[in-house]
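Colleague: Hi! I'm new to this one, could you walk me through it? Let's have it on screen first.

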Amino acid sequence: MTCFPVPGFQYTNGQLHAEGVALADIAASVGTPTYVYTTAGLTAAWQAYEDAFAGQDVTICYALKANSNLAVIRTLAKLGAGGDVVSVGEMRRALAAGTPADKIVFSGVGKTRDELVAALQAGIHQINVESLPELDALSAVAVELGLTAPVAIRINPDVDAETHGKINTGRKEDKFGIDFAHAGEAYARAMALPGIDPVGIAVHIGSQLLKTTPFRKAFDKLAGLVRDLKAHGVPLSRIDLGGGLGVPYKHEDSAPDYHAYAKAIAETVGDLGCHVTLEPGRSLVAAAGLLLTRTIFVKDGLHRRFLIVDAAMNDLIRPAMYEAWHTIVPVAQPAADAVLADADIVGPVCETGDTFARLRPMPPVAPGELLAFLTAGAYGAAMSSTYNSRPLVAEVLVTGDRFDVVRRRPSFEDSLAFEAMPDWLSP
Ligand code: LLP
C-alpha cells in the first residue's frame with residue numbers, strides 16, 4: 001500500500017509524517033480528531049500557480065472559504081496571495097492574517113448592508129456584485145459614506161462545469177451572477193449610479209473541475225461580452241475568473257493540467273487589456289491537509305466490517321454532503337504484503353450519513369490505531385460543526401520538524417459559554 005503522493009506527507013521508518021513530524025506525535029500531544037496542514041504542501045500548491053502563470057500578470061486571491069484558519073491564510077499571504085472573501089468574518093480574517101486590503105475581493109450573492117459598509121470602509125480592492133438590487137444597495141451605502149465602490153459584475157455564463165450538482169454554479173438556473181442577457185443593462189445602471197466604479201467583470205462556474213474545457217467555454221463567452229461592453233463605452237480594466245480548479249482525490253483521478261488552464265486563460269481573455277484575477281480555494285489547500293483520527297472500535301458484523309473512528313461528519317462533512325471520496329491510510333505503514341479487506345469507515349454520530357467510506361479495501365486496522373483522511377485541507381475544518389455536542393476539531397500546522405496548534409480544541413466549558421439560561425428556568 002502506497003501513500004497518496006502528496007508533497008509534505010510521507011512514510012518514514014514505517015510511520016506517516018507531516019514533513020519532519022510523526023503524526024503519531026501530534027496525536028499524542030493534541031489528541032484526535034485533528035487536521036494537520038503542512039507548509040510544504042501549501043507552498044507547493046502556490047508554486048504550481050506561479051509556474052503555470054509565469055508569463056502572465058495575474059493576481060491570485062485565495063478563496064478563504066476553503067480553509068479560513070489564520071495561520072493558513074497568513075502562510076499563503078506571505079507567499080503573495082490576496083484573498084477572496086464571502087462574508088465580513090472572512091474579510092476580517094484575511095486582514096487579521098496580513099492580507100493587504102488592496103488584494104481582497106468580496107464575492108457572494110447576499111451581502112448585507114453591514115457587510116457592504118465594512119468592505120467600503122476597509123478599502124478593499126473590489127466588490128463582486130451579483131444582482132441589480134445589490135448594485136443599488138451598494139450605491140446607496142457608498143454615497144452615505146462618501147466613498148466610491150470598485151465593482152466587478154458577476155455574470156452567469158450558463159456553462160455547465162461538469163462537477164457535482166451542489167457545487168456547479170454557472171448554469172442559468174443557478175443562483176449566482178447576473179444573467180448573461182442582462183449584462184448590458186447592469187453595466188448601464190452601474191455607470192449611471194453614484195458611488196459605483198464599474199471596473200471589472202467576474203465569473204465563477206463551479207468547483208472541483210478536473211478538465212479545462214468548461215473553463216474555456218465560459219472564459220470565451222465572457223471575452224465576447226467584454227469586447228461588446230467595451231465597444232459600448234464600459235471602461236472595463238479587470239477580469240476575475242473565479243476559482244474552481246480541482247484536485248485529484250483518488251489515485252485514478254488525473255490531476256488538472258495547470259498549464260492548459262493558464263493557456264485557456266491567455267487564449268480567451270489575454271488580449272482584452274484587462275488585469276486578470278483568480279480566486280482558487282481548494283487547489284491551494286486541499287492536498288496540504290489531512291484529518292488525523294483514531295479508531296475507537298472494529299466491529300465485525302454479519303454483513304460488514306465497520307471501522308468506527310473518532311472523527312465524524314461534523315469534522316469532515318464532504319462524504320456525507322457530496323458523496324466525496326477521501327483516501328484513508330493507516331498512520332503506521334502497513335506491511336507490503338498486507339491483505340486488504342473491505343470495511344466501512346464510520347464516525348460516532350447517530351446518522352447513517354456519518355459514513356466516510358463504504359466497502360473500502362483496507363489493510364488490517366486494530367482498535368486504537370491512527371488513520372489519516374488525505375486531501376482534507378479544503379472544505380474540511382472550514383465546514384466543521386459541533387453537531388452531537390462534539391467539540392470543534394483542532395488544527396495543527398507543521399513546518400520542517402516543528403508543529404503548532406493553530407486552532408485549539410474547545411473545552412466543554414468553552415462551548416457552554418455561548419449559552420445562557422433564561423431567568424424563568426434558573427433555579
Ligand atoms: N470563488 C467563488 C465565487 C466561489 O464560490 C468559490 C467556491 C471559489 C472562488 C473557490 O472555488 P475552489 O477553487 O475552491 O473550487 N464545499 C464544497 C466546495 C464549495 C465551493 C464553493 N465556492 C466542497 O467541499 O467540495
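Modeller: Happy to. Let's begin with F356, which counts as buried because its relative accessibility is 5%. Keep in mind that this is a predicted model.

Colleague: And F373, is that one buried or exposed?

Modeller: F373 is buried, as its relative accessibility is 1%. The ring centres of F356 and F373 are 4.6 Å apart with the planes at 65°, so this pair is edge-to-face.

Colleague: How many aromatic pairs does the structure hold?

Modeller: There are 7 aromatic pairs. One of them joins F53 and Y261, edge-to-face, at 6.0 Å centre to centre and 90° between the planes.

Colleague: Where do F53 and Y261 lie?

Modeller: F53 is in the loop between α2 (39-52) and β5 (58-63), while Y261 is in helix α9 (residues 258-269), so the pair ties together parts that are 208 residues apart in sequence. Both F53 and Y261 are buried. They also belong to a cluster linked by ring pairs, together with Y49, F215, F219 and Y258.

Colleague: Nice. Switching to charges, how many salt bridges are there?

Modeller: A search of the whole structure turns up 16 salt bridges. One of them is between R358 and D344, with the closest N and O atoms 3.8 Å apart. This pair links distant parts of the chain too: R358 is in strand β18 and D344 in strand β17 (residues 341-346), 14 residues apart.

Colleague: What about the salt bridge of E267 and K263?

Modeller: Their side chains meet at 3.3 Å, N to O. E267 and K263 both sit in helix α9, 4 residues apart, about one turn of the helix. E267 counts as partly exposed at 45% relative accessibility, and K263 counts as partly exposed at 49%. R216 joins K263 and E267 in a network of salt bridges.

Colleague: Now the ligand. Which residues come nearest?

Modeller: Of the 18 residues around the ligand, S207, E279, R318, Y322 and Y379 come nearest. A polar side-chain atom of E279 is 2.6 Å from a ligand nitrogen atom, and a polar side-chain atom of Y322 is 2.7 Å from a nitrogen atom of the ligand. R282 uses its backbone instead, with an N or O atom 2.8 Å from a ligand oxygen atom.

Colleague: How much of the ligand does the protein bury?

Modeller: The protein buries 92% of the 580 Å² that the ligand exposes when taken alone.

Colleague: Last one: which residues form the nonpolar patch on the surface?

Modeller: M421, W424 and L425 form that patch, with about 440 Å² of accessible area together. M421 lies in the segment after α12 (412-416), and is exposed, with a relative accessible area of 58%.

Definitions and conventions: Residues are numbered from 1 along each chain as its sequence is written. This is a predicted model: local features need pLDDT of at least 70, side-chain atom pairs count only at pLDDT 80 or more; totals for chains, interfaces and linings use all residues. Side-chain values use heavy atoms; hydrogens and water are left out. Patches are made of residues with over 30% relative accessible area and no salt bridge: like charges are joined within 9 Å, nonpolar side chains (Val, Leu, Ile, Met, Phe, Trp, Tyr) within 5 Å. Accessible areas come from the Shrake-Rupley method with a 1.4 Å probe; for residues, only the protein chains shown count as cover. A salt bridge is a side-chain nitrogen of Lys or Arg within 4 Å of a carboxyl oxygen of Asp or Glu. Helices (H or I, at least four residues) and strands (E, at least two) are DSSP runs, numbered from the N terminus. Buried means under 20% relative accessible area, exposed over 50%, partly exposed in between (1.4 Å probe, protein chains only). A residue is near a molecule or strand if one of its heavy atoms lies within 4 Å of it. A polar contact is a pair of N or O atoms within 3.5 Å; within protein, one must be able to donate a hydrogen and the other to accept it, and residues adjacent in sequence count only if both atoms are side-chain atoms. Rings of Phe, Tyr and Trp (its six-membered ring) pair if their centres lie within 6.5 Å; planes under 30 degrees apart count as stacked, over 60 as edge-to-face and the rest as tilted.
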